[in-house]
Protein chains: 2
Amino acid sequence: LDQLNGTLKEWVAIESDSVQPTPRFRQELFRMMAVAADELRRLGASVDSVDMGSQQLPDGQSLPIPPIILAELGNDLKKPTVCFYGHLDVQPAAWGDGWLTDPYTLTEVDGKLYGRGATDNKGPVLAWINAVSTFQALEQDLPVNIKFILEGMEEAGSIALEELVQKEKDRFFSGVDYIVISDNLWVSRKRPAVTYGTRGNSYFTVEVKCRDQDFHSGTFGGILNEPMADLVALLGSLVDSSGRILIPGIYDHVASLTEEEKNMYKSIDLDLEEYRNSSQVKKFLFDTKEEILMHLWRFPSLSIHGIEGAFDEPGAKTVIPGRVTGKFSIRLVPHMNASVVEKQVTDHHLEDVFSKRNSSNQMAVSMVLGLPPWIANINDSQYLAAKRAIRTVFGTDPDMIRDGSTIPVARIFQEIIGKSVMMLPLGAVDDGEHSQNEKINRWNYIEGSKLFAAFFLEIAKLHE
Amino acid sequence: LDQLNGTLKEWVAIESDSVQPTPRFRQELFRMMAVAADELRRLGASVDSVDMGSQQLPDGQSLPIPPIILAELGNDLKKPTVCFYGHLDVQPAAWGDGWLTDPYTLTEVDGKLYGRGATDNKGPVLAWINAVSTFQALEQDLPVNIKFILEGMEEAGSIALEELVQKEKDRFFSGVDYIVISDNLWVSRKRPAVTYGTRGNSYFTVEVKCRDQDFHSGTFGGILNEPMADLVALLGSLVDSSGRILIPGIYDHVASLTEEEKNMYKSIDLDLEEYRNSSQVKKFLFDTKEEILMHLWRFPSLSIHGIEGAFDEPGAKTVIPGRVTGKFSIRLVPHMNASVVEKQVTDHHLEDVFSKRNSSNQMAVSMVLGLPPWIANINDSQYLAAKRAIRTVFGTDPDMIRDGSTIPVARIFQEIIGKSVMMLPLGAVDDGEHSQNEKINRWNYIEGSKLFAAFFLEIAKLHE
């Protein structure tokens, strides 16, 4: 137990920040990957640190990309093979910036282990490693073959991961039966969860241009089709005040709600009052837990992010922006298709609204990102095994949850490798990943390790 | 003539940039004001350089404000007294930044005198001074008493000017009959103009707030009244695609159009094709010269400037801004009143639109600037005198024009001193004030000086 904490402390102490592209942080990332590779070797795994080359930054600087670790332990053809994905890079953190303790010194207070990366994602990676070493400590045969894919660039967009997965599809991944990711959180403080879906995202830009330069509103105000007026009308046509998306046809391919799915939302452990308070939101668009969860997970949503090219600073500048670009995105859910959505948004809706304005400006719409949603079959063996393991370790059924945001890695594995992917989070809802005072509860960390061990046994049983 | 050019060359060579708040430029400003004071003393004027103290910049730095020059020449109670306002500071300029010649070296090419400040406003100030010295050279009695008020902070918002005018109202300004400003341009390349009005400006901010921090659109998209959706709807309710302002009552106090006024637009020398080309605008909202001029000068206009607090950078950030502030302004025309407009916009229109949305966010509207329009009585003696002088010097009637933008100094003089204010521009429409390759035509500069001299004679005649 103390050894477990000890290693987490060591790992948290490495400032493996992948978001700030500086040579120092890159060095820390390389050190982190080397330390993890050593840990896996101690476990008896064969480890391959794959050189990922370097990346060119927008400012011309070139920085090396930390290696991706591919490791394997056991290759018994009679056993199922579970591949664990995790990442060892972290978000930026600085003591003084709202942290009550040094973010890079793992500090226990009231059963909570505070430190950057504690829950996202160093803790869960170590919990998985510890589950494996528990079998070794008890001199028991490991019931499954284990593979690891560990990267160091997740917080920076998992550069190069997809390419490697594609390349290793028929080599490293050839024998893999299941892929497990433990890189998200429960929706509860107490109740474990299994995640079976994430929303996708189609991100749009819409540019309205009169000319490249701005105008002075005194000199030109009154005789122009002002780009901002056009853009505001376009953005205002997208969603109504109840959150309903106004793009014709957009709901056509949204999966219909089954009774079975409906029941899953009812049983989920979400304290609405607490959720509202911690969100600091006075009132949500919906009043019930079920409606809220469904609108976060299984219905599309449209958010307007901002405008590039307009006046965005403090003060009172009397400018008529000459060319402005609005940005909005639609979170996609099964069975929406990004290409269909692109057509609905661009060719039909926005062209329509714009042409009705009879403006002399030019409009250009572009879908700059089209990430599909991910959904798993929750009747796959590993989901059954996870539920049983949770019942064994926590004495309860898990919350069957989705994530409203887009986690491309789940879809990458599912699409390229073609095997069942499951997200099995360990952290509680209040762990504060990405924010100050990130923590993992000691209890979650330890029980999480047991959960993974129980999962190995259950999935092996299902294969007998 | 060469002497006239020589002095302008000297003045342009002083980098009296008031926009960039650096000690070096301030030093240049002080030098500029001293050189001008010397010039006025050579003219025989009694000169008072009024110390204006210093200004505190937002970054804590303190910079001295250049003195304002109050000068007077003659105090014959039988003669009318004309006060000339001008400024000797300039906009920033840098050779290489699109300038074909060194901006601080007055350079003549094809009858055009290129240099920063050539037309805005050093040239016109010197033309006025030259008009005075012409009488002296010809050993003629100056037909009017002359006063000068010259400042060095116009491009930086005329800090401290209003306060000084207020203070000197019953002293320096007590005998003043007419105020002349020559700090704008003709609407033509060839035809002189007299300016009798400027639009005012009421600048609004409308803030919509859910909470201070932003949200992640994956984690919260679908359950929030998103501030951007509210704001876009609010901004979209202000003006239609034909430029018509949709705020109820906003046109109630706009002066009705008389036949006499209508006729003035007809005779104005504006080449629409050239105007469109030089503006780089494909199509204006209106097709005729008269409609365009009226919508720039005598009808209000509404421009949306931008949004503060939203995502405004390049890239695809999936943020739901928690608090956003939209900015727009309405150019005011006679007889609109800023306080009435404030009520119409705030209490009636925006509150209405927002309450209909039934949003749980908070809205706060504020009018941060309320500058009234300025309009002069074009039947005042000095307008008559200017027209006669223009006929004498240029052999044509002037274009009677207004300016669509807000020039507070005209209203300050008219309101505080209570005397007739006139703007008598010298520069041609293509002089490029504030932009690269600013110039004044040699012809405009020389004829302008004659125009001012003829104006002295005409105004004296009207007083006989």
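A:Ser405 is buried, with a relative accessible area of 11% (buried is under 20%, exposed over 50%, partly exposed in between, using a 1.4 Å probe and protein chains only). This is a predicted model, where local features need pLDDT of at least 70 and side-chain atom pairs count only at pLDDT 80 or more, while totals for chains, interfaces and linings use all residues. Residues are numbered from 1 along each chain as its sequence is written, chains are lettered from A in the order in which they are written, and side-chain values use heavy atoms, with hydrogens and water left out.

So where does A:Ser405 sit, and what does it touch? You'll find A:Ser405 in the loop between β18 (399-403) and α12 (408-417) of chain A; helices (H or I, at least four residues) and strands (E, at least two) are DSSP runs, numbered from the N terminus. Setting aside neighbours within four places in sequence, A:Ser405 is in contact (heavy atoms within 4.5 Å) with A:Thr198, A:Arg199 and A:Arg331, and also with B:His216, B:Gly218 and B:Thr219.

Those chain B residues bring us to the interface. The contact takes 66 residues from chain B and 66 residues from chain A. Together the two chains bury about 5200 Å², 55% of it on carbon and sulfur atoms; buried area is the accessible area (1.4 Å probe) that two parts lose on being put together, summed over both. On the chain B side that touches chain A, strand β13 (residues 301-308) gives the most, with eight residues.
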